Amino acid sequence: MKLNKEKFLKTEVGEELKCCIISWDKALDSCRVNEYYTEEYKRGRRVANWCQAQWEVYKMVLRQFFNIEYNFTRTNEYFGLVTDDNDWLFKIKRIK
């Protein structure tokens, strides 16, 4: 089955996947700026762990149905899902 990225991202699964990745990125940011063992850090860590677990399921679904392996990537300029061949499912630029 061939993946139509635009159509996929408009499905319930695609929308939830994107929401999960955005939440994961935000949670990782909150963990980075807060000191360890504060309540805010712990909450961010729990969210990040949950999002990572969810991502592993989405990753397996994409591999199973479309035979495509996406990776979560994040830099200071952007974050999103990309293959090793630099084929983006989606890329979100950060607002500075």
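This is a predicted model: local features need pLDDT of at least 70, side-chain atom pairs count only at pLDDT 80 or more; totals for chains, interfaces and linings use all residues.

Trainee: Which residues of α3 are buried?

Mentor: A residue is buried if its relative accessible area is under 20%. In α3 the buried residues include Y41, W55, L62 and F66. Just after α3, N67 takes a positive phi of about 55 degrees.

Trainee: How many aromatic pairs are there?

Mentor: Ring centres must lie within 6.5 Å, and planes over 60 degrees apart count as edge-to-face. The count comes to three aromatic pairs. One of them joins F8 and F66, edge-to-face, at 6.0 Å centre to centre with 75 degrees between the planes. F8 lies in helix α1 and F66 in helix α3, so this pair ties together parts 58 residues apart in sequence. F8 is buried at 11% relative accessible area, and F66 is buried at 16%.

Mentor: For Y78 and W88, the ring centres are 5.5 Å apart and the planes are at 85 degrees, so this pair is edge-to-face. Y78 belongs to strand β2 and W88 to strand β3. Y78 is partly exposed at 23%, whereas W88 is buried at 18%.

Trainee: Which residue lies over the face of Y78?

Mentor: K91 does, at 4.3 Å from the ring centre. Likewise, the charged end of K18 sits over the ring of F90, 5.4 Å from its centre.

Key:
Residues are numbered from 1 along each chain as its sequence is written. Side-chain values use heavy atoms; hydrogens and water are left out. Buried means under 20% relative accessible area, exposed over 50%, partly exposed in between (1.4 Å probe, protein chains only). Helices (H or I, at least four residues) and strands (E, at least two) are DSSP runs, numbered from the N terminus. Rings of Phe, Tyr and Trp (its six-membered ring) pair if their centres lie within 6.5 Å; planes under 30 degrees apart count as stacked, over 60 as edge-to-face and the rest as tilted. A charge sits over a ring if NZ of Lys or CZ of Arg is within 6 Å of the ring centre and within 35 degrees of the ring normal.
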